[in-house]
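Have the sequence and the 3D view open as you read.

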Amino acid sequence: MLKFSGSLKVSGDKSISHRALILSAMSVGKTKISNLLESDDVLRTLEILKELGIKIIKERDEWIVYGNGTNGFLEPRKYLDCGNSGTTARLMIGAVSSNPINCNFIGDDSLSKRSMSRVTEYLEKIGATVHLTKKDFLPLLITGSDRLLPINHNIKKPSAQIKSALILAALNIHGKTKIIESIPTRDHTERLLKFLKANIKIKKLKNKNIEIELNGPYEIRSKNIKVAGDPSSASFFIVGALILPKSNITLKNIMINPSRNEFLKVLKNMGAKIKVQKTKKISGEEVGNITVKYSKLKGITIPPSKSAFLIDEYPILAVAASQAKGKTVMNGLSELRHKESDRINSIVSNFKKLGIKINEINNNLSIYGGKLKIEKQIKIKTFNDHRIAMSFSILNLLCDRKLKIDNIKCINISYPEFKNHLNKLLQYVND
Ligand code: S3P
């Protein structure tokens, strides 16, 4: 039998790593970034910034970024290749839009099927010129301008990527831009800007919408940034410890921003023994140590209002649900269709192969927990989606590694150290 035991520091947060690079490139002066996540996605952002004339070097464990200001990007000589990274594409399209340069963005097959018009429709409204493939996709050509209009944007889709793209654009727009979110999403861009002492105003409106007001152009002074541990990466080990009998682990230095720690609340409602001990703030983000013990889980209903705060954790929550007593219902998952894979389909098709009872109706999932009975090897299709690969790697520990996961390498997109960290926690115990 296998269990998880001991303590671990998971790698730096992916969302913050992208933003640390972009905002230090848009600051004036030298920034040292520590604990940057060196995953495929983040390295795409780093290479694109270099292509836009930003000097970035590595010295020992730190990355040094020499920022050129909010209007300092130079026209690239090459295509800007975002690889698999939706965050790179959406945020960088926003960041370059208020600079008077032409940029061609490309991505891999999966990214080339994901919507970019969800960002560019707003940028076109304020004066950027964009040519998209089939009106929605990469490759795209954007011609930016330093005379974009300051207006109010109402964001209907719950997406931190859309919001962040507009915030980054607004940093070099002359005048007041307001960005209004009807459903709150992760707020790392706002927090990092506040940490960098940029004067942005955030308020909750009477109707509970969130309004972010920027008054550009900004000159942001560089300040060193530390990246806290990634809660989404931690979620795989947390669920692993919950479902592997006799497990007991502590994950250190994990970011516990309320827009990212909803999965801990969901798991606690399912009966998980999880304790969070707050430590100190790191570069504007709350951080803590998380202790998790094996627990008997029970099924619950997760309402649609939580979906923006759980967006990256649904695959591993589905694994937890498959081991819980009773039925777990996850409602309002339409945004999962727009991730690195159609995650509803990735979860449902693989669960069916494993004999886990799962129903899908109108972007809602019902999962019926029970003991896994896997007798022969079963192929798991990751659809090249890192979070699907990691979720099934955890489930695999419960079935003598009989699952053959088709493209384990895609884990490098967000967590190159996953295998090392998993092996560090894993122990054999006698039944
Ligand atoms: C991210 C936002 C989320 C998330 C993605 C990272 C970010 O996407 O799924 O992994 O860093 O802003 P959406 O905001 O489009 O839902």
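What follows is a short tour of the ligand and the residues around it.

## Where the ligand sits

First, keep in mind that this is a predicted model. Where is the ligand? You'll find the ligand in the largest cavity.

## Who's around it

The shell around the ligand includes Lys-14, Ser-15 and Arg-19, along with Thr-87, Pro-158, Ser-159, Ala-160 and Gln-161. Arg-186, Ile-311, Asp-312 and Lys-339 are there too.

Which one gives the most? That's H1, with 3 residues.

Now zoom out to the domains. Domain 1 (2-10 + 229-428) and domain 2 (14-226) each supply at least three residues to the shell around the ligand.

Let's get down to single atoms. A polar backbone atom of Ala-160 is 2.6 Å from an oxygen atom of the ligand, and a polar backbone atom of Gln-161 is 3.1 Å from a ligand oxygen. With Asp-312 it's the side chain that takes part: one of its polar atoms lies 2.7 Å from an oxygen atom of the ligand.

How much of the ligand does the protein cover? On its own, the ligand has 380 Å² of accessible area, and the protein covers 96% of that.

Notes
Residues are numbered from 1 along each chain as its sequence is written. This is a predicted model: local features need pLDDT of at least 70, side-chain atom pairs count only at pLDDT 80 or more; totals for chains, interfaces and linings use all residues. Side-chain values use heavy atoms; hydrogens and water are left out. A residue is near a molecule or strand if one of its heavy atoms lies within 4 Å of it. A polar contact is a pair of N or O atoms within 3.5 Å; within protein, one must be able to donate a hydrogen and the other to accept it, and residues adjacent in sequence count only if both atoms are side-chain atoms. Accessible areas come from the Shrake-Rupley method with a 1.4 Å probe; for residues, only the protein chains shown count as cover. On a 1 Å grid over the protein atoms alone, a cavity is a set of points where a 1.4 Å probe fits but cannot get out, and a pocket is an open set with protein on both sides within 12 Å along at least five of seven lines; lining residues have an atom within 4 Å of a point. A molecule sits in a cavity or pocket if more than half of its atoms lie within 2 Å of its grid points. Helices (H or I, at least four residues) and strands (E, at least two) are DSSP runs, numbered from the N terminus. Domain bounds come from an automatic or database domain assignment.
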